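Open the model in your viewer and keep the sequence panel beside it. This tour goes from one selection to the next and says what is found at each stop.

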Amino acid sequence: MHNCDSLDSLVTPFVDGELTDTDRRAVEDHLRVCPPCYTRVAAERAVHELVRARRTGLCRTEAPDALHHRCTALAREAKAAPAFAQRIPNPESRIPTSRRVAPFALAASLVVVVGGAFVYQATDKSARVLAAELVADHAKCFAMNSVLGTHQAAAVVEQSMAASFDWRMHLPADPASAGLELVGARPCLYGEGKIAHVMYRHQGHPVSVFMLPDTARAQELVEVLGHEAAIWCANNRTFVVVAREPRREVEQIASFVRASLH
């Protein structure tokens with residue numbers, strides 16, 4: 001079985017379908033047991049699918065100022081992440097943390113660049129466009145978290161949301177009853193502002209809960225880039241649950257979270 005270091009050169013040909021059957025199976029075996037590598041592949045696959053789907057429009061579209069600002073901010077974040085990560089000891093891995101963080105940030109940033117080229121030209125009412133951007137943030141944030149190993153208590157997350165978004169929210173009191181484990185939260189860039197991102201794991205698999213302030217979207221469930229996104233609105237806030245899980249599981253998670261968040 002490949003380790004993370006030997007997998008590095010195989011990620012792009014794996015996503016492009018260019019590996020031999022033997023190498024492809026070896027990569028798949030590694031991805032089943034390595035969440036950071038799995039998330040990196042998910043991010044690069046998102047780039048691949050977005051480029052393929054939008055290649056004609058990308059050749060004709062000039063990115064607006066809002067997208068330029070966002071890409072600049074993401075580039076700073078990607079550059080800063082390795083320096084921050086080097087201060088976090090990780091004795092269980094022989095791979096330099098900066099080498100493992102940078103590809104995730106880069107891949108997710110590419111998703112934003114490629115996706116943004118049509119996001120800002122498309123209607124802001126498109127649920128699939130919204131979900132595609134959030135899947136990119138989902139992949140990036142969990143990849144970073146898998147490497148850095150950060151964890152926040154519920155009280156810390158609630159205080160952070162109140163301070164950053166004036167959102168007096170309460171997380172589900174017993175997430176374990178729905179198979180959820182809280183990971184933490186952070187703000188993410190979206191359009192010209194920022195949104196809240198609360199991260200969970202559902203039976204070990206990444207689950208994101210996004211809150212977009214001052215927006216109203218219709219309730220909807222969409223599939224994009226291999227992920228399901230459950231969207232609903234409450235109190236002039238749009239909520240989106242993103243996970244690479246069966247649709248019924250995502251619906252149940254969204255229903256559980258919806259009962260607490262508002």
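In which helix is alanine 143 found? Select alanine 143: the residue is found in helix H7. Helices (H or I, at least four residues) and strands (E, at least two) are DSSP runs, numbered from the N terminus.

Before going on, some ground rules. This is a predicted model, in which local features need pLDDT of at least 70 and side-chain atom pairs count only at pLDDT 80 or more, while totals for chains, interfaces and linings use all residues. Residues are numbered from 1 along each chain as its sequence is written, and side-chain values use heavy atoms, with hydrogens and water left out.

**The whole chain**

Show the protein chain as a cartoon. Its secondary structure comes to nine helices and six strands. Of its 262 residues, 48% count as buried. Buried means under 20% relative accessible area, exposed means over 50%, and partly exposed is in between (1.4 Å probe, protein chains only). A contact means heavy atoms within 4.5 Å. Among the contacts in the chain with a separation of 6 or more, 63% are between residues 24 or more positions apart.

**Back to alanine 143**

Alanine 143 counts as buried because its relative accessibility is 0%. Alanine 143 and proline 35 are 108 residues apart in sequence, yet 7.9 Å apart in space, C-alpha to C-alpha.

**The second largest pocket**

Helix H3 (21–33), helix H4 (35–60), helix H7 (127–148) and E3 each give two or more residues to the lining. H4 gives the most, with four residues.

**Helix H8**

Select residues 154–165, which form helix H8. H8 has twelve residues and reaches 16 Å from its first C-alpha to its last, close to the 16 Å expected at 1.5 Å a residue. The expected span is 1.5 Å times one less than the number of residues.

Which residues of H8 are buried? Colour Val157, Met161, Ala162 and Phe165: these are buried. They lie on the same side of H8 because they cover an arc of only 135 degrees around the axis, the arc being that of the directions from the helix axis to the C-beta atoms. The face turned away from the buried side carries the exposed residues Gln159 and Ala163. What covers the buried residues includes strand E1 (180–190), strand E2 (193–202) and strand E3 (205–213). After H8 comes aspartate 166, with a positive phi near 55 degrees.

Select residues 237–243, strand E6. All seven of its seven residues are buried. Arg237, Phe239, Val241 and Ala243 are on one side, and Thr238, Val240 and Val242 are on the other. In a regular strand the side chains alternate between the two faces of the sheet.

Two strands pair if DSSP finds at least two bridges between them. E3 pairs with E6 in the antiparallel sense over seven bridges, and proline 213 has arginine 237 in E6 as its bridge partner. Strand E5 (residues 227–234) is also joined to E6 by seven bridges and runs antiparallel to E6. Here tryptophan 232 stands opposite phenylalanine 239, and alanine 230 has valine 241 as its bridge partner. E5 and E6 form a hairpin with two residues between them, and asparagine 235 in the turn has a positive phi of about 55 degrees.

**Strand E5 and histidine 227**

Six of the eight residues of E5 are buried. Five bridges join E5 to strand E4 (residues 220–224), and the two run antiparallel.

Last, select histidine 227, which lies in E5. Histidine 227 counts as buried because its relative accessibility is 4%. Leaving out residues up to four places away in sequence, histidine 227 touches Val135, His138, Val222, Val242, Ala243 and Arg244.
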